There are 2 protein chains.
Amino acid sequence: MSTPTSNRRTGRRPGTTDTRDAIVRASREQFAETGYDRATIRKIAGAAGVDPALVVHFFGSKENLFREVMALPAVVADAMAALADGDRSTVGRRLAELVVAVLENPATRVILVGRIRSAASHPEAATLVRETVSRDMLRIATALDTDQPELRATLVGAHVVGVAMVRYIVDVEPLASVAPETLIDLLAPDFQRYLVGTL
Amino acid sequence: MSTPTSNRRTGRRPGTTDTRDAIVRASREQFAETGYDRATIRKIAGAAGVDPALVVHFFGSKENLFREVMALPAVVADAMAALADGDRSTVGRRLAELVVAVLENPATRVILVGRIRSAASHPEAATLVRETVSRDMLRIATALDTDQPELRATLVGAHVVGVAMVRYIVDVEPLASVAPETLIDLLAPDFQRYLVGTL
């Protein structure tokens with residue numbers, strides 16, 4: 001799940017955006033590999049090839065760094081909210097496609113895995129993750145204008161967390177290696193019920 | 001989720017069974033609270049009020065201790081296998097009732113939470129948990145004599161893990177506080193499909 005970071009500073013001196021991006025990538029990897037409580041600003045800075053002071057300069061505290069890098073990219077959050085606009089009878093499948101795309105892309109999977117590892121490792125991190133999980137899923141559940149959107153959002157969230165744990169963190173077969181298309185087929189009916197079905 | 005352990009050694013001197021039970025309880029609590037990698041035989045012994053050497057005497061290594069105390073009690077494993085004997089059209093509900101009973105009972109919830117926290121915290125613990133998860137759920141899936149029992153078992157396992165994470169570890173509302181009966185209603189249709197439905 002690591003992406004190469006070693007040659008990021010070769011060639012020209014990196015600008016502010018490059019440096020910030022390097023810190024974002026390194027911190028996501030640290031949180032995903034070790035969880036919130038064992039990730040340190042020093043280790044993240046080391047992996048990004050920058051001075052720890054620079055991490056503090058850009059992000060302030062570790063808590064704030066976690067909040068920023070563990071948010072889903074805006075493009076994903078927007079795609080999620082947009083799911084509610086299409087045909088209601090297939091919204092579960094569209095969500096399954098988006099969730100599987102996020103989980104199968106190493107750049108976004110690292111965010112989900114980082115949240116889960118962190119939430120499991122420390123109550124303080126759990127608080128941070130709690131806000132994030134509810135917010136992401138609540139957007140689509142609310143947009144669909146059904147009863148109990150909060151409960152629907154947490155049911156979808158719980159299912160995504162469970163699949164991510166078993167498939168990517170604990171690696172239980174055969175779920176760990178079913179094809180992405182199969183995973184979409186498996187998740188779609190559950191999401192359909194959670195989002196617009198009778199609970 | 002902690003149960004009182006401080007007065008366990010007052011009164012008469014505990015016998016072998018009492019001592020072993022105290023170690024089992026203390027180690028489940030430690031694994032559930034801190035995860036496998038941060039739980040130590042010293043801390044577990046301290047919580048159980050015994051000498052660390054006694055923990056080693058009874059259980060050998062930390063790895064072996066984890067294996068023994070993180071197995072579901074035989075009564076639960078037997079109840080799970082027996083679910084396959086009844087009416088197939090309601091097997092999902094019976095499994096949901098059993099899963100919710102296990103999760104709502106602090107004495108067994110601590111086992112599930114301990115597995116999840118441990119698997120999330122360390123790859124080595126993930127290996128231990130992997131075996132356990134597959135074994136428990138595979139028993140019922142195999143007994144039902146359907147196609148793809150391994151995949152069905154991991155789907156049920158993933159769902160239980162996700163709900164346990166969100167409800168008991170990350171505490172996301174409203175799933176964290178729905179009544180047990182409601183949780184059974186929510187899980188039953190998913191389990192029904194996973195166990196005997198079309199995947």
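A residue counts as buried when its relative accessible area is under 20%, as exposed when that value is over 50%, and as partly exposed in between, using a 1.4 Å probe and protein chains only. The model here is predicted, so local features need pLDDT of at least 70 and side-chain atom pairs count only at pLDDT 80 or more, while totals for chains, interfaces and linings use all residues. Residues are numbered from 1 along each chain as its sequence is written, chains are lettered from A and ligands numbered from 1 in the order in which they are written, and side-chain values use heavy atoms, with hydrogens and water left out.

Now to the place where the two chains meet. Chain A puts 38 residues into the contact, and chain B puts in 38 residues; contact here means heavy atoms within 4.5 Å. The size of an interface is often given as the accessible area lost when the parts come together. For chain A and chain B the buried area is about 3200 Å², with carbon and sulfur atoms giving 69% of it; this is the accessible area (1.4 Å probe) that two parts lose on being put together, summed over both.

Four salt bridges cross the interface of chain A and chain B, a salt bridge being a side-chain nitrogen of Lys or Arg within 4 Å of a carboxyl oxygen of Asp or Glu. A salt bridge also joins the side chains of R193(A) and D190(B), at 3.0 Å from N to O. Between chain A and chain B, 13 residue pairs are in polar contact, both residues being at pLDDT 80 or more. A polar contact is a pair of N or O atoms within 3.5 Å; within protein, one must be able to donate a hydrogen and the other to accept it, and residues adjacent in sequence count only if both atoms are side-chain atoms.

On the side of chain A that touches chain B, helix 7 (106-121), helix 8 (123-143), helix 9 (149-169) and helix 10 (180-196) of chain A each supply at least two residues. Helix 9 of chain A gives the largest share of that side, 13 residues. Helices (H or I, at least four residues) are DSSP runs, numbered from the N terminus. Sorted by class, the side of chain A that touches chain B holds 22 nonpolar, seven polar and nine charged residues. In this sorting Ala, Val, Leu, Ile, Met, Phe, Trp, Tyr, Cys and Pro count as nonpolar, Asp, Glu, Lys and Arg as charged, and the others, Gly among them, as polar.

One residue of helix 9 of chain A is T154(A), which is buried at a relative accessible area of 3%. Leaving aside neighbours within four places in sequence, T154(A) is in contact with V166(B), V172(B), E173(B), P174(B) and L175(B). P174(B) sits in the loop between helix 9 (149-169) and helix 10 (180-196) of chain B, and the peptide bond from E173(B) to P174(B) is cis, with omega near 5°. In chain A, the peptide bond from E173(A) to P174(A) is cis, with omega near 5°.

Most residues other than glycine have a negative phi, and most peptide bonds are trans. D145(A), however, has a positive phi, near 55°; D145(A) belongs to the loop between helix 8 and helix 9 of chain A and is exposed, at 68% relative accessibility. Q148(B) has a positive phi near 50° and is partly exposed, at 41% relative accessibility.

Back to salt bridges: over all chains, the whole structure has 16. D185(A) forms one with R93(A), the closest N and O atoms being 2.8 Å apart. This pair links helix 10 and helix 6 (residues 91-104) of chain A, 92 residues apart. In chain B, the side chains of R93(B) and D185(B) meet in a salt bridge at 2.8 Å, N to O. Another pairs D147(B) with R152(B) at 2.6 Å, N to O; D147(B) is partly exposed at 43% relative accessibility, whereas R152(B) is buried at 2%.

Finally, T108(A) lies in helix 7 of chain A and is buried, at 9% relative accessibility. The side chain of T108(A) reaches the backbone oxygen of V102(A) at 2.7 Å.
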